[in-house]
Amino acid sequence: MPGRTLWAILLTLGASWFLTIVPMPEWAVGYRPQWTALAVVFWITTVPDRVGVFWAFFAGLMLDVVTGSLLGQHALSFSVMGYLAVELQQRIALFRDWQQALSIWLILTVERLLSLWVMSATNQPTPSLSYWTATFVSMLLWPWLAAMLRGLVRRLNLA
């Protein structure tokens, strides 16, 4: 993997972890996009020969560390999400922006379902319905985030 691509991936993941833990007003916490999941799916769909399930596992594990959640909770759900993104990557690449956003929403919903399953299996409190709002916000954010990151990939000649 060329060095610039590795650094771009690590920097975007670092930014996503930072955005995940930035304090927000209590009313806005439920609207926080799934930054790390979006970054992982973007890189899997953009450079699938370099980023895959292992990267998704690593990103989920680091998300567990930075958020203080149960170690492996996000690693498991991100691994499954990464697998789905790898399998669907060629189809997603052909879709229009709104179709990509719907596909991303489905993938992120599966990630949330697995996280919810882990929470219930470990007797953690069940989140409120606002838990699902983040998937919709992430879906709405996807076209702009993907366009911004595609511009970065083009400018740095990473793909």
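Me: What do the buried residues of α3 pack against?
Reply: In this predicted model, they pack against α1, α2 and α4 (73-94).

Me: Which residues of α3 are buried?
Reply: Trp-55, Ala-56, Ala-59, Gly-60, Leu-63 and Asp-64.

Me: How many residues does α3 have, and what does it span?
Reply: Helix α3 covers residues 53-67, so to speak a run of 15 residues by DSSP. From first C-alpha to last it reaches 21 Å. That is close to the 21 Å expected at 1.5 Å a residue.

Me: What follows α3?
Reply: Gly-68. Its phi is positive, near 75°.

Me: Switching to α1 and α2. At what angle do they cross?
Reply: Roughly 160°. The axes of α1 (residues 3-21) and α2 (residues 35-46) come within 8 Å. Angles over 145 degrees count as roughly antiparallel, so α1 is roughly antiparallel to α2.

Me: Is that crossing left-handed or right-handed?
Reply: α1 passes α2 in a right-handed crossing.

Me: Which residues meet there?
Reply: From α1, Ala-8, Ile-9, Thr-12, Leu-13, Ser-16, Trp-17, Leu-19 and Thr-20. From α2, Trp-35, Thr-36, Ala-39, Val-40 and Trp-43.

Me: And by class, how many are nonpolar, polar or charged?
Reply: The contact of α1 with α2 has nine nonpolar and four polar residues. No charged ones.

Me: Now α2 and α6. What angle, and how far apart are the axes?
Reply: α2 packs with α6 (residues 133-156) at about 50°, with the axes 10 Å apart. That angle makes α2 oblique to α6. The crossing is right-handed.

Me: Which residues of α2 and α6 meet?
Reply: α2 brings Trp-35, Leu-38, Val-41, Phe-42, Trp-43, Thr-45 and Thr-46. α6 brings Ser-138, Leu-141, Trp-142, Leu-145, Ala-146, Leu-149, Arg-150 and Val-153.

Me: How does that contact divide by class?
Reply: Eleven nonpolar, three polar and one charged.

Me: Backbone check. What is phi of Asn-123?
Reply: Near 60°, a positive value in a residue other than glycine.

Me: Where is Asn-123 found?
Reply: In the loop between α5 (97-121) and α6.

Me: Why does Asn-123 count as exposed?
Reply: Because its relative accessibility is 72%, and exposed means over 50%.

Me: What about phi of Asn-157?
Reply: Positive, near 55°, and again in a residue other than glycine. Asn-157 lies in the segment after α6. At 58% relative accessibility, Asn-157 counts as exposed.

Definitions and conventions. Residues numbered from 1 in each chain as written. Predicted model: local features only at pLDDT ≥ 70, side-chain atom pairs only at ≥ 80, totals over all residues. Heavy atoms only, no water. Axes fitted to C-alpha atoms, helices over the stretch in contact; angles between N-to-C directions. Helix = DSSP H or I, 4+ residues; strand = E, 2+ residues; numbered from the N terminus. Parallel < 35°, antiparallel > 145°, perpendicular 65-115°, else oblique. Left-handed = near helix turned anticlockwise from the far one by under 90°. Contact = heavy atoms within 4.5 Å. Nonpolar A, V, L, I, M, F, W, Y, C, P; charged D, E, K, R; others polar. Expected span 1.5 Å × (residues − 1). Buried < 20%, exposed > 50% of the residue type's maximum accessible area, 1.4 Å probe, protein only.
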